[in-house]
Amino acid sequence: MRYAHGGLESPEYYVPGLPANYVAERYGIPLADIAKLGSAENPHGASPLAAEAVGQHLGALHLYPSWTADALREKIADTYGFDVSEVICGAGETEILSLITRAFCAPGDKIQMPGPCFPIYHLFAEAEGRIPVLVHSATNRHSMALDVDAYVEAVEPNTRIVYITNPHSPSGTWLEEAEVRRIIDASADALVVLDEAYVHYSETSGYIHLVHEYENLAVLRTFSKAFGLAGLRVGFGVASQPIIDTLMAVKPTWNMGQLQIVGGVAALDDQEHVARTVRTIVKNRDYVQGRFEELDRFRMVLGSRSNFFLVEILDLDTNSTKVFEGLLERGVIVKDGSVSFRGLDDRFLRCDVNLQLHMDRLVDALSDLP
Ligand SMILES: Cc1ncc(COP(=O)(O)O)c(C=O)c1O
């Protein structure tokens with residue numbers, strides 16, 4: 001059988017964080033004792049207002065939703081100061097990333113991203129015959145910050161999409177507005193995609209306003225993190241109308257169900273849930289940093305503005321896969337850097353910030369490893 005694009009001949013799939021019940025069953029650990037720190041989920045669960053709205057709309061399941069998710073687009077447009085025509089909704093940001101890959105980069109052209117990054121950027125590129133260019137510019141292993149000079153220099157004439165993730169994943173590092181502007185200015189012939197999935201945890205309002213200034217910029221956000229709706233699948237993108245019109249044309253027609261639309265609308269009114277979540281993350285990011293000072297074989301990479309951080313394994317007698325397995329046996333789920341992030345070697349783990357109890361479990365399990 002012949003495939004349209006080379007990537008599908010040897011498909012590679014996203015490796016999500018392990019589910020808690022799998023680890024509980026495999027190691028015989030009570031579910032309540034598992035610390036799930038590999039998926040950057042919300043420690044306080046779903047937005048209560050969103051959950052209530054979803055419950056109230058079960059009676060509408062027989063009706064087709066608005067194919068453009070208009071109620072949610074209007075709410076997003078009002079909330080962030082845009083016109084409805086500048087907003088698109090998707091089944092998580094992930095769906096919008098897929099649309100962008102197909103709509104704005106022809107097979108054989110390049111998509112630039114920091115290395116390491118959110119793997120979906122390069123997996124979708126490869127699956128559809130586009131060429132991912134990972135710019136491994138975080139030469140400073142101590143901070144893992146993006147080298148903006150190197151990133152800007154890497155943009156080529158046939159680079160069609162340039163990704164920026166802010167805060168970045170997996171490092172949590174933060175770019176100032178002037179740095180983001182430099183990257184956009186250097187990418188005049190490309191679409192710049194600014195992924196702000198974790199922006200709430202930076203305690204800033206992010207750079208969504210830059211869409212008013214740059215016609216080649218799309219800003220993406222998700223309801224999976226601070227709103228706690230990872231299981232509902234809601235994300236959105238904001239960009240100039242021509243970009244949105246193009247994405248609408250490649251979008252699967254009814255990509256958003258009734259429940260996603262009403263849940264998203266209600267979540268945007270739930271500032272209390274977002275504020276509580278951000279308070280918990282910021283407090284426990286500091287807390288876990290203090291606890292890491294007890295460890296001498298592991299180092300927390302400082303400066304994360306997100307709800308996860310990198311851990312560097314200083315002990316050369318072990319590696320990220322062995323530590324990952326050792327933590328699983330102790331009921332702690334993290335991400336093995338060498339498996340989950342292309343370009344991150346076997347010296348790193350990515351661990352979520354969560355409730356203090358789970359931060360203690362992580363640090364205690366690390367110090368218990370042989
Ligand atoms: C940087 C980044 N962007 C986007 C996403 C996807 O979010 P969603 O659940 O909205 O598809 C994630 C999820 O982990 C992420 O880490």
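I took helices (H or I, at least four residues) and strands (E, at least two) as DSSP runs, numbered from the N terminus. The model is predicted: local features need pLDDT of at least 70, side-chain atom pairs count only at pLDDT 80 or more, and totals for chains, interfaces and linings use all residues. Residues are numbered from 1 along each chain as its sequence is written, and side-chain values use heavy atoms, with hydrogens and water left out.

Entry on cis bonds. I looked up Pro116 in the loop between strand S3 (110-114) and helix H5 (120-127). The Gly115 to Pro116 peptide bond is cis, with omega near -5°. I found Pro167 in the loop between strand S5 (159-165) and helix H7 (177-185); the bond from Asn166 to Pro167 is cis, with omega near -5°. Most peptide bonds are trans, and most residues other than glycine have a negative phi.

Entry on phi. Ala69, in the loop between helix H2 (48-56) and H3, has a positive phi near 55°. Ala69 is buried (under 20% relative accessible area; exposed is over 50%, partly exposed in between, with a 1.4 Å probe and protein chains only), at 2%. Glu203, in the loop between S6 and S7, has a positive phi of about 60°. Glu203 is exposed, at 55%.

Entry on H8. Which residues of helix H8 (residues 241-250) are buried? I noted Ile243, Ile244, Leu247 and Met248. They lie on the same side of H8, because they cover an arc of only 135° around the axis, taken from the directions from the helix axis to the C-beta atoms. The face turned away from the buried side carries exposed Pro242 and Ala249.
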